[in-house]
Amino acid sequence: MKIGIFGCGGVVGRLLVREVVATEGCELSGGTGRPGGALIGVDVGEQAGLEPVGLAVSDDPRALMAASDVIIDFSLAPATVQHMLLAAETGCAVVLGTTGFGADAQAAVDRAAADAAIVEAPNTSPNFNYLLVLIERISGVLGDEYDAEVLSMAERRLPFAPSGTTIEVAKAVAAGRGVNLDDVIEKVRDGVIGPRPPGVIGIAIVRGGRIAGGQRAIFAGDDEVVEVAYRSTDPAIYAKGAVAAARWVVGKPPAKYSMREVFGLA
Ligand SMILES: NC(=O)c1ccc[n+]([C@@H]2O[C@H](COP(=O)([O-])OP(=O)(O)OC[C@H]3O[C@@H](n4cnc5c(N)ncnc54)[C@H](OP(=O)(O)O)[C@@H]3O)[C@@H](O)[C@H]2O)c1
């Protein structure tokens with residue numbers, strides 16, 4: 001199976017290169033970097049700390065799709081619309097690990113899924129996705145007598161908030177209650193805010209240093225607080241989960257898939 005990596009020079013991208021090369025049955029078809037960036041032309045393996053693999057980092061995502069059975073995309077949000085248009089054009093399957101994109105890119109993802117198999121994967125850790133199932137269940141059992149808050153922690157370099165992972169946690173809380181997250185999410189609190197409105201799902205953001213990505217779903221009742229926490233300690237877990245998703249999605253018909261489906265949790 002030929003796997004190409006968009007954003008192969010990033011923190012997760014380099015780990016993906018190593019994971020693909022180390023995984024039996026997978027063949028690295030190449031990697032892309034930011035057009036005009038310093039990595040273009042450098043060997044994909046070498047820039048990931050491996051022996052040369054004879055493939056240069058390219059700035060041509062269309063050509064890499066044509067040479068691949070599946071793309072794993074861990075580039076940056078400004079590229080997502082273009083990448084999804086190309087997926088629709090080529091029919092190449094994609095595991096979309098990139099997060100932080102807006103409504104226009106989300107629409108492009110949904111459109112591309114008519115012509116290509118797309119795994120929308122804001123968090124590729126298997127156990128994080130398992131935890132989402134538990135959070136949804138706990139949220140449903142506790143109901144909105146418990147005030148739900150999601151605490152999001154990440155390192156200082158994450159340039160947007162809330163993270164895709166945080167939104168996944170909040171969506172699981174909302175799904176457990178049978179409500180639409182957009183109707184109940186509360187992201188900003190400042191000044192005289194009055195008593196907490198019933199039913200909202202609050203989001204609190206912590207950013208700093210090298211804090212490892214962490215999420216906490218908090219259900220605060222009158223007599224007790226129930227908390228469910230997740231923290232990744234090495235981004236290698238994202239590379240492992242993404243390669244598992246790539247292997248799963250090849251050969252699937254065009255549609256949008258979730259990581260829960262990949263791991264048999266849906
Ligand atoms: N799904 C998950 O489980 C998960 C986990 C962690 C992170 N993420 C997300 O995955 C993405 C990458 O994370 P990261 O920590 O690896 O970030 P990163 O270290 O900043 O890596 C992103 C890489 O993409 C490159 N890039 C920028 N524009 C590109 C383009 N048009 N085509 C190809 N490559 C391009 C960047 O190059 P330059 O440095 O030259 O700009 C950089 O090498 C982010 O959106 C992040 O939020 C998802």
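**Ligand shell, parallel sheet and helix packing**

The structure is a predicted model, in which local features need pLDDT of at least 70 and side-chain atom pairs count only at pLDDT 80 or more, whereas totals for chains, interfaces and linings use all residues. Residues are numbered from 1 along each chain as its sequence is written.

Around the ligand there are 26 residues, of which Gly-7, Gly-10, Ser-75, Ala-79 and Gly-97 come nearest; a residue is near a molecule or strand if its C-beta atom, placed from the backbone, lies within 6 Å of it. By residue class, the shell comprises eleven nonpolar residues, 14 polar residues and one charged residue, where Ala, Val, Leu, Ile, Met, Phe, Trp, Tyr, Cys and Pro count as nonpolar, Asp, Glu, Lys and Arg as charged, and the others, Gly among them, as polar.

An open sheet is formed by six strands in the order β2-β1-β3-β4-β5-β11, with parallel pairing; two strands pair if DSSP finds at least two bridges between them. At the edges lie β2 (27–32) and β11 (255–258), each of which pairs on one side only. On average, neighbouring strands of this sheet are turned by 20° against each other, direction ignored. Strand β1 (residues 2–6) runs parallel to β2 and is joined to it by five bridges, and Ile-5 stands opposite Gly-31 in β2.

Helix α9 (residues 236–249) lies across β1, β3 (70–73), β4 (93–96), β5 (117–120) and β11, and runs at about 155° to β4; axes are lines fitted to C-alpha atoms, for helices over the stretch in contact, and angles run from 0 to 180 degrees between N-to-C directions. The axes of α1 and α9 come within 9 Å and cross at roughly 55°. This angle makes α1 oblique to α9, because angles under 35 degrees count as roughly parallel, over 145 as roughly antiparallel, 65 to 115 as roughly perpendicular and the rest as oblique. The contact involves Val-12, Leu-15, Leu-16, Glu-19 and Val-20 of α1 together with Ala-236, Tyr-238, Ala-239, Lys-240, Ala-242 and Val-243 of α9, two residues being in contact if their C-beta atoms, placed from the backbone, lie within 7 Å. These residues divide into nine nonpolar, no polar and two charged.

Methods:
Helix = DSSP H or I, 4+ residues; strand = E, 2+ residues; numbered from the N terminus.
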